[in-house]
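Please look over the sequence and the model shown below before reading on. The report that follows takes up a few regions in turn, with the contacts that belong to each of them.

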Amino acid sequence: MLDFYKGMDISSLPQSLSEGMQVKDRDGSDISPFELLKKYGVNAVRLRLWNQPECVPDAKGYCNLEYTLQMAKKIKENGMSFLLDFHYSDFWADPANQRKPKAWENLSFSELEEAVYTFTGDTLMRLKEEGLLPDMVQIGNEIRSGLLFPEGELPDYEGMVKLVNAGIRGARAVADPEQMQVMIHLDQGGRYSWLHEWFEKAFEAGLEDFDLIGLSYYPFWHGTYLDLRDSMHRLTEDYGKPIFIVETAYAWRKSDKGFIDEDQICIGGMDATPAGQRKVLEYVMHLVAELPRRMGRGVYYWEPICVPEGDRGGWNENMGLLDENGCAMEGMEAFRQTREEMELAPEGWKRLEEQLKASEGAVGTEGIRSGENLLHNGCFSEGSDGMEDWCIEEKEEGTFLSILPEMGALKVQAVKNFRFGIVNNVMLDAEGCYGISVEITGVDTTGVDVRLFAENDGQMREVVIHPGEHSRAVYEIRNMTCRAGLLKVGIRISSPAIYITMGNFKVRKEVSRETDVLYDCAK
């Protein structure tokens, strides 16, 4: 067992190399990926496994068992720890997507259990026969909303737990915990109440014993660093399981094509620079290393070995640890730290802690400076249920609404993946430029899509919302030229289980000519 797992998920490496990626050291000299990792202290690698990615054209056949065997051999040859992540899908599995493999689509529930058991055991046995048995194995990827939908979709904990238990039994049939430990992996690392509820209900439904808790923590999605600290400390006390952060990352530059945008960088609380990226990684490592009784075991950066590719955008554009020339950036230096160095508060930690505490409960300043609010009941205070003039456009099962009078807001929350839409209509007396605004709090994660929209005379404008939990941010559509007549405004959500509050809706005649904007998310 390693003193501290300084890891990376490099599942996409075979594909990136086949597409011509070249990796360079910080001085610009050529270096192989594994040489680079070892030079900077990386001692652990995580790989995802898809069932039959050949069934999904976008997967291009990667992350199947054969690629996993090839990569596992390199991991072992370089003396690194190996964590295998079963997605139990032919392509991505995350809180928003837990699709069954094509080969399992028509199975009965008992047949599905058997398929999970057999696939897990057969895969691990093949690795064991090759001398490539993982040190740790995940039964599912970010399964806070369940896995193998619809049979394992929450809130059906009984169904989910039976499937997870099948995976655990398949792993245990191949190796005991002394040889290979079993991990349960959830997202929302900074939100203790959600994680605690999941584990409590899963144990109540019969979840079999496992060895490790794995969490995803992205600071632009999963709460503040203080939230993460609180969550991990409480989980270790509750369940006595060592904790890993098996996914984390941060942007090294701002980009219109990047995986996260300027609003999310604002929520993340750190500059999108190579230095800022390094600090985020150092903060997360510190928080894991400082857990009592050395219950914090390690941190894995998700897909850092990637290079921006022209106009492709996405993750490679601003989330890896290589710059546009393929050169390693200073974030790699974070992996040189020893556990003892991580345990010491990093430079600036106390300043950051004070900043985060001061920001909690802050309210953004509204940007539209104009006349009276033309929208009725924007604070959900009228009518017997607070919903006068509002129309629910869409509301899926498992979605719950609450009026929060003290906030003048509507809270929407769900226990499963859901879609929701709410609208209000305004009759405009005259043509002109109008602004639409709303105050938002809530949570974000993979697959969350929340939008403020406005429709008038055939035109539609919308703004993407990134909910933040510790401040009320004002999102606005500005400078919308409307004809006299009906203006339809509202919020549409398509998301895994989250909550969001919305209030102080306004429609007012514009006096400025600025564009759509989010105001003061950092204040």
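A polar contact is a pair of N or O atoms within 3.5 Å, where within protein one atom must be able to donate a hydrogen and the other to accept it, and where residues adjacent in sequence count only if both atoms are side-chain atoms. In this structure, which is a predicted model, the side chain of Glu151 makes such a polar contact with the side chain of Lys100, at 3.0 Å.

**The loop around Glu151**

Glu151 is found in the loop between strand 4 (136-139) and helix 5. Once its neighbours within four places in sequence are left aside, Glu151 is in contact with Lys100, Leu107, Phe109, Leu112, Asp156, Gly159, Met160 and Leu163. The C-alpha atom of Glu151 is separated by 27 Å from that of Trp221, a residue 70 places apart from Glu151 along the chain.

Pro150 also has its place in the loop between strand 4 and helix 5, and the peptide bond that joins Phe149 to Pro150 is cis, with omega of about 5°. Pro155 is found in this loop between strand 4 and helix 5 as well, and the bond leading from Leu154 to Pro155 is again cis, with omega near 20°.

**Strands 1 to 3**

Strand 1 (residues 5-9) pairs with strand 2 in the parallel sense over three bridges, and the bridge partner of Gly7 in strand 2 is Ala44. Strand 2 also pairs with strand 3 in the parallel sense, here over six bridges, with Leu49 standing opposite Phe86 of strand 3. Together with helix 3 (residues 65-77), strand 2 and strand 3 make a right-handed β-α-β unit.

In a regular strand the side chains alternate between the two faces of the sheet. Which residues cover the two faces of strand 2? Ala44, Arg46 and Arg48 lie on one side and Val45, Leu47 and Leu49 on the other, and all of these are buried. In strand 2 (residues 44-49), six of the six residues are thus buried.

Ser81 has its place in strand 3 (residues 81-86). Because buried means under 20% relative accessible area, Ser81 with its value of 7% counts as buried. The side chain of Ser81 makes a polar contact with the side chain of Asp135 at 3.3 Å, and, not counting residues up to four places away in sequence, Ser81 touches Leu2, Tyr5, Asn43, Ala44, Val45, Ile75, Asp135 and Met136.

**Nonpolar cores**

The largest nonpolar core holds 104 residues, of which Ile10, Trp198 and Ile305 touch the most other members. Apart from this core lies another one, of 39 residues, among them Phe418, Ile422, Val448 and Ile500. Leaving aside neighbours within four places in sequence, Ile305 is in contact with Met8, Ile10, Leu13, Ser16, Met21, Val23, Leu36, Leu37 and Leu322.

**Salt bridges**

| Arg169 | Glu208 | 3.2 Å |

**Residues with positive phi**

Gln188, a residue other than glycine, has a positive phi near 65°. Gln188 has its place in the loop between strand 5 (181-186) and helix 6, where it is buried, with a relative accessible area of 0%. Phe380, which is not a glycine either, has a positive phi of about 55°; Phe380 is placed in the loop between strand 9 (362-363) and strand 10, and counts as buried at 2% relative accessibility.

How values were computed: Residues numbered from 1 in each chain as written. Predicted model: local features only at pLDDT ≥ 70, side-chain atom pairs only at ≥ 80, totals over all residues. Heavy atoms only, no water. Core = buried A, V, L, I, M, F, W, Y, C linked by side-chain atoms within 4.5 Å. Buried < 20%, exposed > 50% of the residue type's maximum accessible area, 1.4 Å probe, protein only. Contact = heavy atoms within 4.5 Å. Helix = DSSP H or I, 4+ residues; strand = E, 2+ residues; numbered from the N terminus. Pairing = 2+ DSSP bridges. Right-handed = clockwise from strand over helix to strand, strands pointing away. Salt bridge = Lys/Arg side-chain N within 4 Å of Asp/Glu carboxyl O.
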